[in-house]
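Please keep the sequence and the model side by side while reading.

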Amino acid sequence: MTERDDLDLQIAEFVLGTLPADEREALRAQREQDAALDRRIAAWEERLAGMADDVAPVAPDPELFARIERLLDQGTPAAPQADADSSGQVVRLNRQLRRWRWSTAVASAAALVLVAVLMLQPEPAPSSFVAVFQHNDQQPAFLLTVDLEQRRLNIRPVTAQAQPDKSYQLWIKADELGPNPRSVGVLGQNLELDQGALSGYDPALLREATFGISLEPPGGSPTGQPTGPAIHGYLYPAGAEKN
């Protein structure tokens, strides 16, 4: 189990109310100082609250508590006649026993819910990807980020600079698109591109595609294919964590 899994388990117990008091207080204090942690706890609160909506309320049998009381009384040895203090102690112990049994049952049920949630929770699929365009081992020329869910892109020059009488052009190549690259668009004077330029492509295709940036005559390639020197990049999950 990774540190992220451990934290999710702790947060889930926090939301369910089964986390030990000292850990609960520590996590509550950390939440007040950590916005990212606060968002994760809020997400778990929403996730577990939604489960309650799917469970229909069930009224207990009217005789249930009476039977529990009788079983508890049967399990308590008959006490000899003693003073009032001794009788009071037996009553207190009996009450503590009842509270312990109920709290144990509630905690066990909460733990079962937690296990089910963690086992059934799908691993979140990344939606944000990044491609780095560079010549060999040189500094990156461009960074391209793509949100697959929204099919939106953002391209940013790193070391690349506008060239006189030249235009940079972004290309995409995938088996589904045929043997030749397809133009995504020509970068403007500030080396920017319309963020919706990928809206017509399927996210699965984008995930596996190869991207390229070529240097073309002003306004873009006159042939519909790259004519100048090009650099290429592949999409990788942004901020991917190594376990």
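## A residue and its contacts

Which residues does Leu-170 touch, not counting residues up to four places away in sequence? In this predicted model, Leu-170 touches Phe-133, Leu-153, Arg-182, Ser-183, Val-184, Gly-185, Leu-187, Leu-193, Phe-211, Gly-212 and Ile-213.

## The nonpolar cores

Leu-170 also belongs to the largest nonpolar core, a group of 29 residues in which Phe-133, Phe-142, Leu-170, Ile-172 and Phe-211 touch the most other members. At least two residues of this core come from each of S1, S2, S3, strand S4 (167-173), helix H6 (203-208) and strand S6 (210-216). Apart from it lies another core, made of eight residues, including Ile-11, Leu-19, Leu-37 and Trp-44. In soluble globular proteins, nonpolar side chains tend to be buried together.

## The open sheet

Four strands make up an open sheet with antiparallel pairing, arranged in the order S3-S2-S1-S8. Its edges are strand S3 (152-157) and strand S8 (236-237), each of which pairs on one side only.

Strand S1 (residues 128-133) is joined to S8 by two bridges, the two strands running antiparallel; here Val-130 stands opposite Tyr-236, and Phe-129 stands opposite Pro-237. S1 also pairs with strand S2 (residues 142-147), again in the antiparallel sense, over six bridges, and in S2 the bridge partner of Phe-133 is Phe-142. The covered face of S1 carries Phe-129, Ala-131 and Phe-133, whereas Ser-128, Val-130 and Val-132 lie on its uncovered face.

Definitions and conventions: Residues numbered from 1 in each chain as written. Predicted model: local features only at pLDDT ≥ 70, side-chain atom pairs only at ≥ 80, totals over all residues. Heavy atoms only, no water. Pairing = 2+ DSSP bridges. Buried < 20%, exposed > 50% of the residue type's maximum accessible area, 1.4 Å probe, protein only. Core = buried A, V, L, I, M, F, W, Y, C linked by side-chain atoms within 4.5 Å. Contact = heavy atoms within 4.5 Å.
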